[in-house]
Amino acid sequence: MPSAIVFFGPPGSGKGTQASRLAASAGILQISTGDLLRGHVARGTALGAIAKPIMESGALVPDDLVTRMLKERLAGPDAKSGAIFDGYPRTVAQARSLETLLKETGGRVDNVLFIDVPDAILVDRLLKRATLEGRSDDTKETIAERLRVYREKTAPLADLYASAGVLVTIDGDRSVEAVAADVESAVARRRAVKA
Ligand code: AMP
């Protein structure tokens, strides 16, 4: 896997939207662990049965289960040329697992795009998404828990990736187009450095 791009940010930051846009414009596979897990829940798999109550509480599904699911997805033929990761890694342990998984195919994390949005705006956006998409984990209580879990478990990844020299922080409190333009230029800059 030559190229791995990670989107990371709090719930409601718009990372999923940005990951989809970049996947479409750059022709790179998007892998969203949230979507994969929702797929398992919808299909009623054993993993789905474990994940459903955890997702509804706003907590994280255990690292080993998510990493195993991701490993299976990366084994697909469409993942050979690279992927955009959306919602993974979410813990330092997952970041280490991702590194290991990528190493097996000669790949590495090229870009980590941190979509930064203030808390007050996130809550507002997530409540709107609850109405629009009917996601069962977008209730007021779950939103508070997801933000707390994000701060405790996921936010430390910013330091980790900053030390590795791959973190780009993007102001996510702007229009989808303005954020997308910064995402595109961050990826292009990185490609130019690599070339
Ligand atoms: P998302 O769609 O990325 O907001 O994910 C929705 C929910 O799925 C999260 O609140 C977690 O419960 C679970 N989830 C998604 N990705 C992960 C992950 N990488 N590790 C643990 N849990 C995850």
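## Tyr150 and how to read the model

Tyr150 counts as buried because its relative accessibility is 10%. Buried means under 20% relative accessible area, exposed means over 50%, and partly exposed lies in between (1.4 Å probe, protein chains only).

This is a predicted model, in which local features need pLDDT of at least 70, side-chain atom pairs count only at pLDDT 80 or more, and totals for chains, interfaces and linings use all residues. Residues are numbered from 1 along each chain as its sequence is written, and side-chain values use heavy atoms, with hydrogens and water left out.

## The aromatic cluster

A pair of aromatic rings is described by the distance of the centres and the angle of the planes. Here, rings of Phe, Tyr and Trp (its six-membered ring) pair if their centres lie within 6.5 Å; planes under 30 degrees apart count as stacked, over 60 as edge-to-face and the rest as tilted. The structure holds two aromatic pairs. In one, the ring centres of Phe8 and Phe114 are 4.9 Å apart and the planes meet at 25 degrees, so this pair is stacked. Phe8 belongs to strand E1 (residues 4-8) and Phe114 to strand E4 (residues 109-116), so the pair ties together parts 106 residues apart in sequence. Helices (H or I, at least four residues) and strands (E, at least two) are DSSP runs, numbered from the N terminus. Phe8 and Phe114 are both buried.

The other pair joins Phe8 to Tyr150. Their ring centres are 6.4 Å apart and their planes stand at 35 degrees, so the pair is tilted. This pair also links distant parts of the chain: Phe8 is in strand E1 and Tyr150 in helix H7 (residues 140-154), 142 residues apart. Phe8 has a relative accessible area of 2%, and is therefore buried. Together, Phe8, Phe114 and Tyr150 form one aromatic cluster.

## The ligand site

The ligand is surrounded by 16 residues. A residue is near a molecule or strand if one of its heavy atoms lies within 4 Å of it. The closest are Thr33, Arg38, Ala59, Gly87 and Gln94. Helix H2 (residues 33-43) gives the largest share of the shell, four residues. The space taken by the ligand is the largest pocket. On a 1 Å grid over the protein atoms alone, a cavity is a set of points where a 1.4 Å probe fits but cannot get out, and a pocket is an open set with protein on both sides within 12 Å along at least five of seven lines; lining residues have an atom within 4 Å of a point. A molecule sits in a cavity or pocket if more than half of its atoms lie within 2 Å of its grid points.

An N or O atom in the side chain of Thr33 is 2.8 Å from a ligand nitrogen. A polar side-chain atom of Arg90 lies 3.0 Å from a nitrogen atom of the ligand. For Val61, a polar backbone atom is 3.1 Å from a ligand nitrogen. The protein covers 97% of the 480 Å² of accessible area that the ligand has on its own. Accessible areas come from the Shrake-Rupley method with a 1.4 Å probe; for residues, only the protein chains shown count as cover.

## The loop between E3 and H5

Thr91 is in the loop between strand E3 (83-86) and helix H5 (92-104). Its relative accessibility is 8%, so Thr91 counts as buried. The Thr91 side chain makes a polar contact with the side chain of Asp63 (3.1 Å). A polar contact is a pair of N or O atoms within 3.5 Å; within protein, one must be able to donate a hydrogen and the other to accept it, and residues adjacent in sequence count only if both atoms are side-chain atoms. A polar atom of the Thr91 side chain also lies 3.0 Å from the backbone nitrogen of Gln94.

Pro89 is placed in the loop between E3 and H5 too. The peptide bond from Tyr88 to Pro89 is cis, with omega near 0 degrees. Most peptide bonds are trans. Ile31 lies in strand E2 (residues 29-32). Ile31 counts as buried because its relative accessibility is 2%.

## Other buried positions

Ala186 sits in helix H9 (residues 176-194). Ala186 is buried, with a relative accessible area of 3%.
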